[in-house]
Amino acid sequence: MGWCGLLSMALFRLPLFFNEQINFWKLLGCGKNGTFDIYPDWRQWAILVVKRESSNVNKDNKLLYGSFINAWWNFFRCEVYTIILEPIEGHGTWDGKEAFGKLPRQTDHEGMVAVLTRATIRLNRLRHFWKHVDAVATQMNNADGFITSVGIGEVPWIKQATFSIWESKEHMKMFAYKMKDHAEVVRKTRQENWYSEDMFVRFKPILSFGNLHGIDPLKLKLQ
């Protein structure tokens, strides 16, 4: 039921705004095929929340997102998948804010890693950005150490992000910096100034629960 997901993007704003346990939040659409996609997936939506340090984290969506959002998902029998993450390193801003606090650019973490890359693409660079998407997505899906990913965005085609999870930081770096197509895109974004704002954050996965397309991709890996 794509319409209930679309409606939720409007209705969920109020409970998230007034939730005192949430420091930063975003309601996001999803692209098809687990990455950036010019066509949205009307049946899949995402919520990103940054909890205040004092709040408890556990396997309870009612506590994580609030009773209204949890009741909505239950009423429509939605498949819900939640990943709890600890931000460990990164740089950049989201709407002018350091969404995950002030982070070091590098740490000594070498285990499983989740990566969020997001950007606001300049209008005069949209064509350059989107023509590289398919090649990079294919490389990522076939890369060693790749676990899963989802393409998310606030504004279709313009404000885009990819969230991906990797077996280790080394696997992620092999893809990011040594695979030809992705490395070329990274180089061009800097040289040609594709983005008006960008952010790159790495996380340590803490726990996961629920299902994504019928499975929990991290269930065995986090045990």
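A: Let's start with a term: two strands pair if DSSP finds at least two bridges between them. Keep in mind that this model is predicted.

Q: How many residues lie between the strands in the hairpin of β5 and β6, and which residue takes a positive phi?

A: Three residues lie between the strands, and Trp157 takes the positive phi, near 75°.

Q: How many residues of β6 are buried?

A: Buried means under 20% relative accessible area. In β6, residues 159-166, that goes for seven of the eight residues, so by this definition the strand is mostly covered. Across the protein, 48% of the 223 residues count as buried.

Q: Zooming out, how many helices and strands are there?

A: Eight helices and seven strands. The radius of gyration is 17 Å, close to the 17 Å from the globule rule for 223 residues, so the protein is as compact as a globular protein of that length. Its C-alpha atoms fill a box of roughly 45 × 35 × 35 Å along the principal axes.

Q: What about contacts between residues at least 6 apart in sequence?

A: Of those, 73% join residues at least 24 apart.

Conventions. Residues numbered from 1 in each chain as written. Predicted model: local features only at pLDDT ≥ 70, side-chain atom pairs only at ≥ 80, totals over all residues. Heavy atoms only, no water. Buried < 20%, exposed > 50% of the residue type's maximum accessible area, 1.4 Å probe, protein only. Helix = DSSP H or I, 4+ residues; strand = E, 2+ residues; numbered from the N terminus. Rg over C-alpha atoms; globule rule 2.2 N^0.38 Å. Contact = heavy atoms within 4.5 Å.
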